[in-house]
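Reader: Could we go through this model together? I would like to begin with the packing inside.
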Amino acid sequence: MRKPLIAGNWKMYKNNNEALELVRELAPLVADLDDVEVAVCPPFTALADVSRLIADSGSSIALGAQDVYPGDEGAFTGEISPPMLKALAVTYVIAGHSERRELMGEKDGFVATKVRAVLDAGMTPILCVGETLEEREAGNAARKVEGQLAADLEAVEAAEVAGMVIAYEPIWAIGTGKTATPDDAQGMNSAIRRWIAASFGDDTAASVRILYGGSVKPGNAAELMALEDIDGALVGGASLKAADFAAIAGFKA
Ligand code: PEP
């Protein structure tokens with residue numbers, strides 16, 4: 001049985017104090033949600049204090065990071081290593097978000113090294129994949145996503161994939177207010193699961209959690225989360241308001 005994960009990607013929003021305030025507001029709202037895992041991914045600058053707040057308050061909110069550099073330590077100015085995140089009790093690390101692929105030029109080979117490095121440090125990657133509008137309209141969405149999966153999971157064993165999280169995020173639906181239709185979202189998530197089954201085996205495919213991301217809001221979460229191959233959501237904009245994010249996380253409650 002796959003426990004749904006609702007993860008908030010705060011992007012470059014919330015300074016340290018604002019991040020603490022948001023977690024203080026969110027924690028009681030999600031405290032009783034036993035059948036859903038809730039995670040927040042604040043900016044790096046807030047991770048240490050948010051981690052301490054979660055631990056001190058006994059909240060079950062999991063902590064995630066939005067990115068990582070694939071090296072343990074070294075002369076990589078401005079970068080953050082997997083062991084540094086692990087030391088802050090980070091559980092999840094987003095890898096290959098489309099904003100990093102598009103704005104920072106990150107390629108699949110680099111994303112693959114991040115996925116490997118996160119696993120080596122004992123954390124769980126949330127690997128983001130998704131197509132552009134042009135690729136979807138040209139009928140190339142599945143090919144694009146499967147190509148990303150093949151490249152980004154190249155150095156990963158089946159048992160590791162089983163514990164991973166994959167987020168299908170159509171690029172045209174991120175931050176645009178446009179959500180994939182339930183048919184499109186379920187269609188791609190099930191295509192991803194079939195690809196995982198063919199590449200890593202049926203047991204792995206049955207275990208891996210596949211999220212949907214792209215303008216998920218309180219008003220559309222329940223419909224999306226009810227779909228067979230959608231095991232939760234990666235939420236951007238709506239994760240910045242405690243009430244909205246809690247309403248998304250409580251889709252079943
Ligand atoms: C995201 O950034 O991963 C995302 C899904 O953003 P939004 O929910 O704002 O579309």
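Reader: Which residues have the most contacts inside the largest nonpolar core?
Author: They are Ile6, Leu149, Leu153, Ile192, Ile196 and Tyr212, in a core of 72 residues. Such a core joins buried Ala, Val, Leu, Ile, Met, Phe, Trp, Tyr and Cys residues through side-chain atoms within 4.5 Å, buried being under 20% relative accessible area (1.4 Å probe, protein chains only). A separate second core has 13 residues, among them Leu5 and Val165.
Reader: How far can I take this, and what do the values use?
Author: The model is predicted, so local features need pLDDT of at least 70 and side-chain atom pairs 80 or more, while totals for chains, interfaces and linings use all residues. Residues are numbered from 1 along each chain as its sequence is written, and side-chain values use heavy atoms, without hydrogens and water.
Reader: Turning to the ligand, what lies 2.7 Å from an oxygen atom of it?
Author: An N or O atom in the Glu169 side chain does, and a polar backbone atom of Gly175 is also 2.7 Å from a ligand oxygen atom.
Reader: And how far is Asn9?
Author: A polar side-chain atom of Asn9 is 3.4 Å from an oxygen atom of the ligand.

Methods: Buried < 20%, exposed > 50% of the residue type's maximum accessible area, 1.4 Å probe, protein only. Polar contact = N/O pair within 3.5 Å; in protein donor to acceptor, adjacent residues only side chain to side chain.
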